[in-house]
Amino acid sequence: MRSTSSLAAAASFAATRDLTRLARASRSRRAPCQGAARRTYQTHDVPAEAVRERAPVRSGVFDGVFDFAVHNARTIQLVQCWSFQLPNQADLAEQVKAWSWLVHEVRQDGGELTTTERGLDVPAELDIFAIAIPPVPGAESPAYEEAKAAFVENGVIELSPEEADRLGEHAAHTLAATA
């Protein structure tokens, strides 16, 4: 008969394995969005040193990691990639809610992009984009409904991977205007 501690350890291992599997699935499903963002930044000659991938942002008591941040002396654009074709909609909805709180706080008070050298200002009025892969037609996606509401509430511009060219175009224009 197993002890209580070995059962707890087994349960913890199973939960960790499930979360790892969800994270891997999320990353692989978001890859087309991330690839589209990288290509558009290159196409529009956005300097590589102005683009930060896996960009940590803090605002108030909230912090999180955006897939991309474009910056010069301050942050001018934040981008999050989402796939709503994941099977675990409950966990995805929780991720959306946590991200939404961070975006809400950024919109209220601004924040900071933490880099290895120094923190860069994240102004409240910067452009925030979400590149989203919608759910498969006919599939229910409560997480996508939650996300669409959060996008509207927080002034986030939703794009499909096919529309991602707007990111690079806008980033290049904004960088040129603030140089």
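Predicted model: local features only at pLDDT ≥ 70, side-chain atom pairs only at ≥ 80, totals over all residues.

Student: Where is confidence lowest, and where is it highest?
Tutor: Helix α1, residues 4-43, has the lowest confidence, with a mean of 62. The highest is in β7, at 97.

Student: Which stretches have pLDDT under 50?
Tutor: One is residues 7-12, where the model has two contacts beyond four places in sequence. Another is residues 14-27, with seven contacts of that kind.

Student: OK, the fold. How many helices and strands are there?
Tutor: The protein chain has four helices and seven strands. Along the sequence they come in the pattern α-β-β-β-α-β-β-β-α-β-α.

Student: What do the contacts say about sequence distance?
Tutor: Take the contacts between residues at least 6 apart in sequence: 68% of them join residues at least 24 apart.

Student: How do β1 and β2 pair, parallel or antiparallel?
Tutor: Antiparallel, over eight bridges; β1 covers residues 51-59 and β2 covers residues 62-71. Glu53 has Phe68 of β2 opposite it.

Student: What sits between those two strands?
Tutor: Two residues, in a hairpin where Gly60 has a positive phi near 60°.

Student: What else does Leu78 touch?
Tutor: Beyond its neighbours within four places in sequence, its contacts include Val57, Phe66, Phe68, Val122 and Ile128.

Student: Which residues have the most contacts inside the largest nonpolar core?
Tutor: Leu78 is one of them, along with Val57, Phe66, Trp82, Phe84, Trp99 and Ile128. That core has 27 residues.

Student: Which elements supply it?
Tutor: Those giving two or more residues are β1, β2, β3, α2, β5, β6 and α3. Helix α2, residues 89-109, gives the most, with seven residues.

Student: What about a second core?
Tutor: A separate one has 20 residues, including Ala36, Val51, Leu167 and Leu175.

Student: How much of the chain is buried overall?
Tutor: Buried residues are 42% of the 179 residues. The accessible surface comes to about 9,800 Å², and carbon and sulfur atoms hold 54% of that.

Student: Change of topic. Where is Ala164?
Tutor: In the loop between β7, residues 157-159, and α4, residues 165-178.

Student: Is Ala164 buried or exposed, and why?
Tutor: Ala164 counts as buried because its relative accessibility is 1%, and the cut-off for buried is under 20%.

Student: So what does Ala164 touch?
Tutor: Leaving out residues up to four places away in sequence, Ala164 touches Ala36, Thr40, Ile131 and Leu159.

Student: How far is Ala36 from Ala164 along the chain, and how far between C-alpha atoms?
Tutor: Along the chain they are 128 residues apart, while their C-alpha atoms are separated by 6.1 Å. Ala36 also belongs to the second core, the one of 20 residues.

Conventions
Residues numbered from 1 in each chain as written. Heavy atoms only, no water. Pairing = 2+ DSSP bridges. Buried < 20%, exposed > 50% of the residue type's maximum accessible area, 1.4 Å probe, protein only. Contact = heavy atoms within 4.5 Å. Areas by Shrake-Rupley, 256 points an atom, 1.4 Å probe, with all protein chains shown as cover. pLDDT = per-residue confidence, 0-100. Core = buried A, V, L, I, M, F, W, Y, C linked by side-chain atoms within 4.5 Å.
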